[in-house]
Amino acid sequence: MVCLSFVQGRLSKKIGSKFQYFPINNWQNEISIAQKIGFKYIEWIISDYSNPIFNKIFQKKILQILKKNNIKISSISLDFLMKEPLFKIQQDDLDWILFNLKIILKRFKIKRVNIPLEENSKISNYSDFKIVKKRLQQIIKILGSSSKISIESDLSLENLNHLLSIKELKKLGILLDIGNIKADGFSIENYISKFSKRIYGIHIKKRGIFFKKSEKINKPYHELKYVIDKIAKLTNLNDITLQSFRSNSFYIDELKLVNKIVKKEIEKINLKI
């Protein structure tokens, strides 16, 4: 079964100027709102080291709130690695994160962990590549037995293929953001043709060519219709997660609409979610 999920924070006011950040002052209430909309899954985001999910007392509270609202964590995204890229983070910090994540994944039964390798955290030289390769091996060794490990990258398809072809990274998969790949000049058809078995997660977003910003989703569009139509080919897919445009004022209604549009497309193929 594929999880239909949303990115944490999309049902909360922004934290300052940040478009996506852990909603520290509203995360409990957001889960309740998500339940009322009809969501059963959430992508938990870790924006820094003070996330309550690292605290054992708060873990119990999080589990209680999730259970009360019949919601589970479908995936966890290590957003803080956008500021501390995998090739720059101190080894002691990475070790601390992985030690705690292993406990969290088991306790919450989370099936996918995402590593950003894009924008500020992208691989842009061979030295960075060697460090990233070594650290991805470490992540897979520690976390990969119980959860899928995915990356979101803006690598060329050829370099992405090289990375995924490394023997030690055979368990590594992709988070396919259908908005970002278009903005970066890539074709969704090529992604699915080349990497269908390595796509572990999908982010639903709409963007235009030449790096346009995220746009409102008011109706189905090519990338959305195509990826849903080809979903049967994605045999290792864990989740479809809404990471769509959010305004400052109408973010709840905007996510409701996107959820409705995506569900309608999913119904056309009789996919169980």
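I began with a helix pair: helix α5 (residues 157–164) and helix α7 (residues 188–195) pack at an angle of about 20 degrees, with their axes 12 Å apart, where axes are lines fitted to C-alpha atoms, for helices over the stretch in contact, and angles run from 0 to 180 degrees between N-to-C directions. That angle makes α5 roughly parallel to α7, a term that covers angles under 35 degrees. Helices here are DSSP runs (H or I, at least four residues), numbered from the N terminus.

I noted that this is a predicted model, in which local features need pLDDT of at least 70 and side-chain atom pairs count only at pLDDT 80 or more, while totals for chains, interfaces and linings use all residues. Residues are numbered from 1 along each chain as its sequence is written, and side-chain values use heavy atoms, with hydrogens and water left out.

I then looked up the contact itself (heavy atoms within 4.5 Å): Leu 157, Leu 160, Asn 161 and Leu 164 in α5 meet Asn 190, Tyr 191, Lys 194 and Phe 195 in α7.

Next I turned to the largest nonpolar core, which has 83 residues, with Trp 44, Ile 76, Ile 202, Ile 204 and Ile 240 having the most contacts inside it; such a core is a set of buried Ala, Val, Leu, Ile, Met, Phe, Trp, Tyr and Cys residues joined through side-chain atoms within 4.5 Å, buried being under 20% relative accessible area and exposed over 50% (1.4 Å probe, protein chains only). Helix α3 (residues 91–108) gives the most to this core, with seven residues.

Last, I checked backbone angles: phi of Lys 109 is near 55 degrees, a positive value in a residue other than glycine, and Lys 109 is exposed, with a relative accessible area of 66%.

Definitions and conventions
Helix = DSSP H or I, 4+ residues; strand = E, 2+ residues; numbered from the N terminus. Parallel < 35°, antiparallel > 145°, perpendicular 65-115°, else oblique.
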